[in-house]
Amino acid sequence: MTEPAIEAAALAKRFGRRRDAWALRDCSFRVPAGRVCAVVGPNGAGKSTLLALAAGLLVPTEGTVTVLGTDPAAARPRIGFVDQDKPLYPQLTVAETLRMGADLNPGRWDAGTAHDVVAAGSLDPGKRIRALSGGQRTRVALALALGKRPELLLLDEPMADLDPLARHDLMGVLMGQAAAHGTTIVMSSHVVAELEDSCDHLLLLGGGRVRLAGEIDEVLAAHTRLSAPAGTTLAPHRVVETRTTGRQLSALIRPAGPLPGDWRTCAPSLEELLLSYLRNPEAPSSADTTTEAAA
Amino acid sequence: MVDYRIDRRSGVATYVQIVQQTKQALRLGLLMPGDKLPTAREVVEATAVNPNTVLKAYRELEREGLVEARRGLGTFVRRSLGAAPADSPLRAELEDWAARAREAGLEREDVAALFTAVLDTQFPHRTAEGDPS
């Protein structure tokens, strides 16, 4: 069995000394190698902190994170990381930026891929970074990260400032890398719809904790959307969200056993599932279930 | 060659869409035995879907004996489906018939209803292949 791309055990990060300044707490999860993992959560959930910890740019306050079988600092030559702010040198041209990528990654640099990503956006190689639009900068930052031919690609809100066409195009490039090289991709995003077809693994964060983690197919299969007469008791099933309209109750649950035959049930879509969890920050997390199962 | 178009709103699982579109291309003779399917990389670069989704669709087609994966070479069509290539005489007759229906003043919905009714009499309930519902 191959080692996981990322494995976190009781991972926590606090900024400053205040007791309530925890950005992440007690996060344990595993992203298997070769997956395309979506990191989802509301603003302030800890997504960026988590990615920066995996990239070795932050040091955990508690717990550990293992990346590609070693600590993040040692794995850094094999990791590509694109920060939300896409830091690049504004005074360099596009061509100079790519040359810098080649110089900084001797022995691994894939000039062809980097060049293709930039060329597909019809970017002038002589243009300076400071003169580029936000979306064009994103393209250069992704070219730099992909040129490194990373085994693990960490992307923090990579598509936020791209138009729909460029977004589809770059997502295609990312999927192509995953198909050709088995690259593990972990990306945070707010655009739930675009994740559904591209990602096969999910990490849902809320309030600095892991609320759901696992293969998207399995997570979806563990939940059921149902409608039943108002006043129906849903125990012992775990209720994520419930709403009563007139005589009808609709709910999203994690069944704890067989369901009564007179409930009308159907499978939720990823978007429905995520929205239900995001609307209900207090809903039970899957972490609770695993703890119980282990006990 | 076949060009997959993924409709996110169709409610049909993405891998099923790829299976269905491949079968459609086989039925219409757009894909023939010996033809190579696009590589997973080509499909995902064009559609931005997860590579495992494409591999799952190809495995399904392989399981049904329609294609075979040759290691290091790609996935190839083994046999075609149905007997109605795009340029068959049957299609020409149907074109003629549709043209006559239009001349007779039938609307698109009338034609569809008529065709479905005849289809149901001649081919009593056999559920469509690959249809998940």
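**Strands, helices and a contact**

Guide: In E4(A), A:Thr64 is the bridge partner of A:Ala9. Please keep in mind that this is a predicted model, in which local features need pLDDT of at least 70 and side-chain atom pairs count only at pLDDT 80 or more, while totals for chains, interfaces and linings use all residues. Residues are numbered from 1 along each chain as its sequence is written, and chains are lettered from A and ligands numbered from 1 in the order in which they are written.

Visitor: What makes strand E1 of chain A and E4(A) a pair?

Guide: Two strands pair if DSSP finds at least two bridges between them. E1(A), residues 6–14, and E4(A) have 5 bridges in the antiparallel sense, so they count as paired. Strands themselves are DSSP runs of E with at least two residues, helices are runs of H or I with at least four, and both are numbered from the N terminus.

Visitor: Why are E2 and E4 of chain A called edge strands?

Guide: The open sheet has 3 strands in the order E2-E1-E4 (chain A), with antiparallel pairing. E2 (22–31) and E4 (62–67) of chain A each pair on one side only.

Visitor: What makes E1(B) and E2(B) partners in chain B?

Guide: Strand E1 (residues 67–70) and strand E2 (residues 74–77) of chain B run antiparallel and are joined by 4 bridges. B:Ala69 stands opposite B:Thr75 in E2(B). The hairpin of E1(B) and E2(B) has 3 residues between the strands, and B:Gly72 takes a positive phi near 80 degrees there.

Visitor: How do you know which residues of helix H9 of chain A are buried?

Guide: A residue is buried if 20 or more other C-beta atoms lie within 10 Å of its own, exposed if 12 or fewer, and partly exposed in between, with C-beta atoms placed from the backbone. In H9(A), residues 270–279, the buried ones are A:Leu270, A:Leu273, A:Leu274, A:Ser276 and A:Tyr277. They line one face of the helix, because seen down the axis of H9(A) they fall within an arc of 160 degrees, taken from the directions from the helix axis to the C-beta atoms.

Visitor: And how many residues does each chain give to the contact?

Guide: Chain B gives 14 residues and chain A gives 15, where contact is defined as C-beta atoms, placed from the backbone, within 7 Å. On the side of chain B that touches chain A, helix H2 (40–47) and helix H3 (51–63) of chain B give two or more residues. H2(B) gives the most, with 6 residues.

How values were computed
Two residues are in contact if their C-beta atoms, placed from the backbone, lie within 7 Å.
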